[in-house]
Amino acid sequence: MAKWTAFIMPACARFRASGARLRRVFFYIVFVGLCGTTALALASSFKVSSVQARVVGPALSLRATLELGLTPAVEEAIANGIPIELAIDVRLYRERPFLWDEKVGNWTLRRELRYYALTGQYLISAEVGAPVTRESFVSLNEALTQLGLLEEFALALRAPLAPDMEYRLELRAGLNVEALPALLRPVAYTSRAWDLNSGWTTWRVQR
């Protein structure tokens, strides 16, 4: 019986130590998020630098460059192995001179950034059909640059665009709070340090 006791106690101790470490990580991230000043939170943000949208057959070809500035709270979360998800919302409108513009397309692209401490690499991945393959980087800056780069991604159109009509595209990039661990979401919803969103930007569709 003594042998079994000797085996179980260290295992339980390791489990408790692992759980305690996880709680410390979350509490530290919460502390950083709550203590960040408004000026610091506003210093880092998301920005849509450029967008090129053009019709290619039955699809809308999209190229975009996003500037993704993170706050210390978000960087700390990533460094501790918590993944963040970038949500890129795209809307397509047909312009009408005497009525409100008609929305003819709506898409959301999702890309994830995660850090693996064992390999010291940042990995970018995406859901099926999103504009990225699984790629790894050795620095956070390199990973953020690639995360914010959309290259010739095709968005399927429900119907061909009318040749005699003008179209505009709206694009927004933001941190998806719903994709965070449940313990972190209340902090992310209430802290300016987690409010990373470019807001809607408008771009012309090339014909």
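Reader: How many bridges join S3 to strand S8, and in which sense do they run?

Author: In this predicted model, nine bridges join S3 to S8 (residues 167-175), and the two run antiparallel; strands here are DSSP runs of E, at least two residues long, numbered from the N terminus, and two strands pair if DSSP finds at least two bridges between them. Residues are numbered from 1 along each chain as its sequence is written. Because the model is predicted, local features need pLDDT of at least 70 and side-chain atom pairs count only at pLDDT 80 or more, while totals for chains, interfaces and linings use all residues, and side-chain values use heavy atoms, with hydrogens and water left out.

Reader: Which residue in S8 is the bridge partner of Tyr93?

Author: That partner is Arg168.

Reader: And how does S3 pair with S4?

Author: S3 and S4 (residues 102-116) pair in the antiparallel sense over eleven bridges, and Arg94 has Glu102 as its bridge partner in S4.

Reader: Is S3 mostly covered or mostly open?

Author: Strand S3 (residues 84-94) is mostly covered, with nine of its eleven residues buried, where buried means under 20% relative accessible area, exposed over 50%, and partly exposed in between (1.4 Å probe, protein chains only).

Reader: Where is Phe98, then, and is it buried or exposed?

Author: Phe98 is found in the loop between S3 and S4, and Phe98 is exposed, at a relative accessible area of 78%.

Reader: Switching topic, what is the average pLDDT?

Author: The protein averages a pLDDT (the predictor's confidence in each residue, from 0 to 100) of 83, and 76% of the residues score at least 70.

Key:
Helix = DSSP H or I, 4+ residues; strand = E, 2+ residues; numbered from the N terminus.
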